[in-house]
Amino acid sequence: MHPLASKTNRATNWAASPERKQPAGTSETQRDPLVVLWDLIKHDLEPVIGKQNVVTWLNPIGLVDVDGSVKMQTPNATCREWVMEHYFDAINRVAVQRLGKQLEMIADSEDGTRDSRPAAPAPPAATVTPRFDPTRRDSPLDPRYRFDKFVEGTSNQLALAAAKRVASDPGSSYNPLFLYGSVGLGKTHLMQAVGHELRARMPHWRVIYVSAERFMNEMIQSLKEDSMASFREWIRNVDVLLVDDVQMLARGERTQEEFFHTFNTVYEFRKQIVLTSDCPPKTIAIEERLRSRFEWGLIADIQPPDKETRQAILMKKAEVDRCHLPEGVAKYIAEHVKSNVRALEGCLVRLMAHCSITNQPITEELAARVLKNQFAGEQEEVTLDAIQKVVADHFGIRIQELKAKNNSKRVVHPRQIAMWMARELTESSLPEIARAFGGKHHTTVLHSVEKIARKKRTDITFNKELSLLMSSFQ
Ligand code: ADP
Ligand code: MG
């Protein structure tokens, strides 16, 4: 049996600690770490390229370890060319997150090691895969994103409690439930956990999960093809509507209008709506009438997890992947990786892959060596939230005042400094910074940055004050 086909085996040999080593002959209870890694990559790509394309194009591919670097092995040149042209960049975006580096491609036909693999089917005709199926009752949810795999901490307590409440009593208390927080903090996980729970309890219900981006794409395509009726049937005839990353709606007016009517229809039928976003409703650049609807129910934020929660999340992830992760190592990683949970997971996967390939046990010393680059990047990463906190503390004002419309001198000056620091210390664009400061106009940011830069050049005392603030991040 090809390793990729052994889906039923969840046990892995990630942990090569002696007590967990399998005796010879029991290898069928182990999963090849590269198979697990490829499964994770495919899983991340499914919402991006669609399940059908994953099945058709990515399932026939395997990962191989060539002199310590991981490569994709395709069954033949057709598959390789198609994947190179259509999915290579997407695969590598995920691979970098998961493994910390890109994957290269080798074709089987070149080295002849996998001639027995079936050839990939011919590229599908453009019309074969429907973009969405209005008759389908459900949309796929990630099996890992359930409540029992979500670790509670003070940073996510409110969001978790609200999500559980919605899952037990949909369409009544909190409608819509609006979850917001920075990237990689568990919004999608919680939203899908609501979906899982309701599907389990109400098997006949139609639970639709969709990203705002997909909503937009489907709508545009349906407009082009004059098939809006089936689009509306698909998205409005639901029992539960889960829409991920609604900040994306800011991109198009027509999309906002369509979404407004979708929202109204679903809401009027007292069906549960859950929305997520990377910022609170008031700072999303969308029409007022839509924004106010987002605020009708409960708004819950998710903050970055504290150290103990990060450690608990790592232990949980390791348990799910059946990897023996010593607590000391989890603690060590949790101390170093602070930005988001996805980065934490990335470290774990990288460490597990390394230990498995080299057949070494997971130790703190090894973690330090293998994850050196991840940790270095981590230290450099400065968030807008962190800058706001440092500046607000320094000037003795509240973070909220930096974001408010208040234009008194007491607040404007620190705000301009924080905007200048955001420009210096992060990759954020002017509009992103503007958004983080309560939805100001990006020219306000530009004006602030220029003003502070001028003052810095001419005022020595001010220059020193800025250096002091900047030193918090160096
Ligand atoms: P977001 O949608 O906020 O960008 P995700 O929901 O995609 O973030 O979460 C990123 C990863 O981190 C997922 O694999 C998710 O399972 C994991 N994760 C985030 N928070 C937690 C948590 N509290 N417990 C367990 N896993 C978590
Ligand atoms: Mg998400």
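This is a predicted model: local features need pLDDT of at least 70, side-chain atom pairs count only at pLDDT 80 or more; totals for chains, interfaces and linings use all residues.

Trainee: How many aromatic pairs does a search of the whole structure find?

Mentor: The search finds 9 aromatic pairs. Rings of Phe, Tyr and Trp (its six-membered ring) pair if their centres lie within 6.5 Å; planes under 30 degrees apart count as stacked, over 60 as edge-to-face and the rest as tilted.

Trainee: Why is the pair of F178 and F294 called tilted?

Mentor: The ring centres of F178 and F294 are 5.7 Å apart and their planes stand at 35°, so the pair is tilted. F178 lies in strand β4 (residues 177-180) and F294 in helix α11 (residues 288-294), so the pair ties together parts that are 116 residues apart in sequence. Helices (H or I, at least four residues) and strands (E, at least two) are DSSP runs, numbered from the N terminus.

Trainee: What makes F178 count as buried?

Mentor: Buried means under 20% relative accessible area, exposed over 50%, partly exposed in between (1.4 Å probe, protein chains only). F178 has 0% relative accessibility, so F178 counts as buried.

Trainee: What makes the pair of F263 and Y267 stacked?

Mentor: With centres 5.8 Å apart and planes at 15°, the rings of F263 and Y267 are stacked. Both residues lie in helix α10 (residues 253-268), 4 residues apart, about one turn of the helix. F263, at 1% relative accessibility, counts as buried, while Y267, at 30%, counts as partly exposed.

Trainee: Where does the charged end of K455 sit?

Mentor: It sits over the ring of F462, 5.0 Å from its centre. The rule asks for NZ of Lys or CZ of Arg within 6 Å of the ring centre and within 35 degrees of the ring normal. R165 lies over the face of Y174, at 5.5 Å from the ring centre.

Trainee: Why are α12 and α14 called oblique to each other?

Mentor: Helix α12 (residues 307-320) and helix α14 (residues 341-358) pack at an angle of about 50°, with their axes 10 Å apart. Angles under 35 degrees count as roughly parallel, over 145 as roughly antiparallel, 65 to 115 as roughly perpendicular and the rest as oblique. The two helices, α12 and α14, are therefore oblique.

How values were computed. Residues are numbered from 1 along each chain as its sequence is written. Chains are lettered from A and ligands numbered from 1 in the order in which they are written. Side-chain values use heavy atoms; hydrogens and water are left out. Axes are lines fitted to C-alpha atoms, for helices over the stretch in contact, and angles run from 0 to 180 degrees between N-to-C directions.
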